Structure formats: C-alpha cells, structure tokens
Amino acid sequence: MPNTTSPECLFCRIIAGELPTTFVYQDSRLVVFDDINPQAPTHVLIVPRQHIATLNDLRKDDDGLVGEMTRRAAMIARDRGISSAGYRTVFNCNQGAGQTVFHIHLHLLGGRSLTWPPG
Ligand code: 5GP
Ligand code: ZN
C-alpha cells in the first residue's frame, strides 16, 4: 500500500491525533470530521486514513475505499436529516478546482439550498 501516511500532511496529522479534532465518525478505513470553515449548516469531510494526495493518484485497489466514502456521506446525510431535501458531495482535484489539502477528502454539504454551477 503506497503513501500510507505523510508526516507533512495536515489530514494525516489529524488522523494521527496530533491536532485536536472531534470525529463525527471513524472506522478502520475512514474518519469524518467537521470542516473548520463550514460553507453550509452541514459541512463534513470524509477522509480515508490512507494518504492519497489527489483523485489522480487513485488505483484500482482504491475503488472499494471510494465507494465506502460515498456511501458514508449518504449515511451521514440521512443521520442529519438532509437526505430528502438534498445535499452535495464534492472532491476537489488540484489547484484549479480549489484543492488546498493534498490528501483526498469528500466534502458533504447540506442544510441549505445550493446553487449550480459552483464558482
Ligand atoms: P479542499 O479545498 O482541499 O477541497 O478542502 C480542504 C478543506 O479542509 C477546506 O474546506 C478547509 O476549510 C478544511 N480545513 C483546512 N484545515 C483544516 C483543519 O485544520 N481542520 C479542519 N477540520 N478542516 C480544515
Ligand atoms: Zn495525508
């Protein structure tokens, strides 16, 4: 398993417990925590424990992991009561899309109306 953790990576440090963070959910493969700068009433980040820098670095072996991330987002949306009204999930990939933390993470945003297209 390449790039399992990166000591320079903010999210690897959060996962390692080096930075005080409340986990909304965690299991052996994923952690979920609130975004520090929420853009909606619900704005959580679904993050694999494995360090993968961008979506471009995914391998076929990661297909199951990404599926777990997506389904976890749907489960959290259900738990927050936003499933029916609707919510958005976003992976930003590289600077042009606004990626600022280079450890993949799925944003789950909801609890308000969300316009399209995004900026
Ligand atoms: P990106 O821009 O890479 O798609 O998303 C990174 C997200 O991480 C941003 O929404 C940003 O607010 C969030 N973030 C950055 N630093 C921290 C932090 O130290 N703690 C938490 N909880 N979120 C962070
Ligand atoms: Zn990392």
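UniProt, in an unreviewed entry, lists residues 10-119 as "domain: HIT". The structure discussed here is a predicted model, and over residues 10-119 its chain is 22% helix and 23% strand, with the end C-alpha atoms lying 25 Å apart.

**The zinc site**

The zinc ion (ligand 2) is coordinated by four residues, at 2.0 to 2.3 Å, and the donor atom of each is given in the table.

| Residue | Donor atom to the zinc ion (ligand 2) |
|---|---|
| Cys-9 | SG |
| Cys-12 | SG |
| His-51 | ND1 |
| His-103 | ND1 |

Along the sequence, these donor residues follow the spacing C-x2-C-x38-H-x51-H. Cys-12 belongs to helix 1 (residues 10-15), while His-103 sits in the loop between strand 4 (87-90) and strand 5 (106-110), so this pair ties together parts of the chain that are 91 residues apart in sequence.

Why is the arrangement around the zinc ion (ligand 2) called tetrahedral? The four donor atoms subtend angles of 104 to 118°, and four donors count as tetrahedral if all angles lie between 85 and 135 degrees, so the arrangement around the zinc ion (ligand 2) qualifies. For comparison, the ideal angle for four tetrahedral donors at a metal is 109.5 degrees.

Is His-51 buried or exposed? His-51 has a relative accessible area of 10%, and because buried means under 20%, this residue counts as buried. Cys-12 and His-103 are both buried as well. His-51 is found in the loop between strand 3 (42-48) and helix 2 (63-80), and its side chain makes a polar contact of 3.3 Å with the side chain of His-103.

Notes
Residues are numbered from 1 along each chain as its sequence is written. Chains are lettered from A and ligands numbered from 1 in the order in which they are written. This is a predicted model: local features need pLDDT of at least 70, side-chain atom pairs count only at pLDDT 80 or more; totals for chains, interfaces and linings use all residues. Side-chain values use heavy atoms; hydrogens and water are left out. UniProt positions are given in the numbering used here, feature names are shortened, and annotations may be inferred rather than shown by experiment. Helices (H or I, at least four residues) and strands (E, at least two) are DSSP runs, numbered from the N terminus. Donors are N, O and S atoms within 2.8 Å of the metal (3.2 Å for Na, K and Ca); water is not among the atoms, so sites may look incomplete. Four donors count as tetrahedral if all angles lie between 85 and 135 degrees; four count as square planar and six as octahedral if opposite donors are over 155 degrees apart and all others between 65 and 115; anything else is irregular. Buried means under 20% relative accessible area, exposed over 50%, partly exposed in between (1.4 Å probe, protein chains only). A polar contact is a pair of N or O atoms within 3.5 Å; within protein, one must be able to donate a hydrogen and the other to accept it, and residues adjacent in sequence count only if both atoms are side-chain atoms.
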